[in-house]
Amino acid sequence: MNWDRVKIQLQHWLPKHALSRLVGKFAAAQAGWFTQAFIRWFIRQYKIDMSEAIHESPNAYKTFNEFFTRYLKPELRPLKADKPELFAHPVDGAISQLGDIDEGRIFQAKGHDYSLTELVGGDPRDAHAFRDGDFATIYLAPKDYHRIHMPCDGVLRKMIYVPGDLYSVNPLTVANVPNLFARNERVVAIFDGEFGKFAMVLVGATIVASIGTVWSETVTPPRGTDVHTWEYPASGQQAISLKKGAEMGHFKLGSTVILLFPDDVIDFAEDLKAGTTTRMGEVLGKRDD
């Protein structure tokens with residue numbers, strides 16, 4: 001029996017939204033000894049290095065969400081991309097894919113690509129700046145630190161919530177489910193940078209309880225199936241400006257981040273390829289002069 005095929009078929013059949021919301025309720029609950037037992041099992045199962053966490057003891061966390069979004073000791077993730085011409089890795093994870101956006105198509109895996117316009121919510125105006133630009137897709141495994149940081153300075157101009165499926169985003173599913181990132185639930189944040197626009201797409205997945213940002217807290221799951229859009233000013237007291245390395249959001253039981261840049265903006269670091277481990281704050285690339 002082909003077990004990989006069975007795993008993919010199960011994802012087609014499972015009630016992914018209902019399962020995810022149920023898990024989300026447990027993850028947010030203060031379930032006492034049961035929460036503590038589950039956290040300890042999770043640490044063992046995924047070989048999580050709790051010595052990196054500010055609060056190393058599992059007993060410090062009242063809910064699974066508190067544990068999953070735990071903060072790391074800041075000295076362990078210094079901003080190594082500290083020069084103005086450098087871009088920083090936004091998360092701990094692993095490169096899934098990176099490279100050129102080819103006339104509005106983004107490479108997912110061998111035999112699969114997907115629409116940039118669909119990814120950002122369906123409006124060609126939001127996709128236009130990135131049509132022939134560059135992308136980086138970074139997968140966060142269960143063991144990883146699940147807070148998301150800025151790759152460079154930016155002023156938030158737009159946030160888009162796009163409803164969708166909740167397939168797993170692990171490597172097996174990415175290789176076998178077409179159009180995966182443009183069909184899963186996601187939050188798109190579009191920023192103005194000194195070189196032009198850039199975007200960060202936070203992709204949901206099976207049992208992802210929610211996606212949050214520092215400016216709006218929990219963005220998902222809202223009610224309904226409509227795309228929701230929020231726009232923000234470029235300046236003034238209501239403007240949201242974030243520095244490179246600053247936290248911009250988090251996953252609860254999370255997922256994948258896709259970075260989008262216009263053409264001729266970023267030159268990715270030479271050692272980056274599919275499977276490369278990433279650490280928040282290290283060098284993602286440099287300005288493409």
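Predicted model: local features only at pLDDT ≥ 70, side-chain atom pairs only at ≥ 80, totals over all residues.
Visitor: Which residue is the bridge partner of Ile 148 in strand 14?

Guide: Strand 14 spans residues 247–252 and runs antiparallel to strand 6, with three bridges joining the two. Within strand 14, the bridge partner of Ile 148 is Gly 249.

Visitor: How many of the six residues of strand 5 are buried?

Guide: Strand 5 comprises residues 134–139 and is mostly covered. In a regular strand, side chains alternate between the two faces of the sheet. On one side of strand 5 Asp 134, Ala 136 and Ile 138 are buried, and on the other Phe 135, Thr 137 and Tyr 139 are buried. The count of buried residues in strand 5 is therefore six of six, where buried means under 20% relative accessible area.

Visitor: Which residue of strand 15 is the bridge partner of Tyr 139?

Guide: Strand 5 pairs with strand 2 (residues 93–100) in the antiparallel sense over six bridges, and there Ala 94 stands opposite Tyr 139. Strand 5 is also joined by six bridges to strand 15 (residues 256–261), again running antiparallel. In strand 15, the bridge partner of Tyr 139 is Thr 256.

Visitor: Which residues does UniProt list for "active site", and what is the largest C-alpha distance in the set?

Guide: The unreviewed UniProt entry lists Asp 92, His 149 and Ser 255 under "active site". These residues are spread over 164 residues of sequence, yet they cluster in space. The largest C-alpha distance is 14.4 Å.

Visitor: Which residue of the "active site" set belongs to the lining of the second largest pocket?

Guide: The set listed by UniProt is Asp 92, His 149 and Ser 255. From this set, the lining of the second largest pocket takes in Asp 92.

Visitor: Is Ser 255 buried or exposed?

Guide: Ser 255 is found in the loop between strand 14 and strand 15. The unreviewed UniProt entry also lists Ser 255 for "modified residue: Pyruvic acid (Ser)". Its relative accessible area is 0%, and the cut-off is under 20%, so Ser 255 counts as buried.

Visitor: Which side chain makes a polar contact of 2.7 Å with that of Asp 92?

Guide: Asp 92 sits in the loop between strand 1 (86–88) and strand 2, and is buried at a relative accessible area of 2%. Not counting residues up to four places away in sequence, Asp 92 touches several residues, among them Leu 72, Arg 77, Asp 144 and Tyr 145. The side chain joined to that of Asp 92 by a polar contact of 2.7 Å belongs to Arg 77.

Visitor: What is the relative accessibility of Arg 77?

Guide: Arg 77 lies in the loop between helix 4 (64–68) and strand 1. Leaving aside neighbours within four places in sequence, Arg 77 is in contact with Glu 52, Leu 72, Asp 92, Arg 279 and Met 280. Arg 77 counts as buried, with a relative accessibility of 11%.

Technical notes
Residues numbered from 1 in each chain as written. Heavy atoms only, no water. Pairing = 2+ DSSP bridges. Helix = DSSP H or I, 4+ residues; strand = E, 2+ residues; numbered from the N terminus. Buried < 20%, exposed > 50% of the residue type's maximum accessible area, 1.4 Å probe, protein only. UniProt positions renumbered as here; feature names shortened; annotations may be inferred. 1 Å grid on protein atoms, 1.4 Å probe; cavity = no way out; pocket = protein on both sides within 12 Å on 5 of 7 lines; lining within 4 Å. Contact = heavy atoms within 4.5 Å. Polar contact = N/O pair within 3.5 Å; in protein donor to acceptor, adjacent residues only side chain to side chain.
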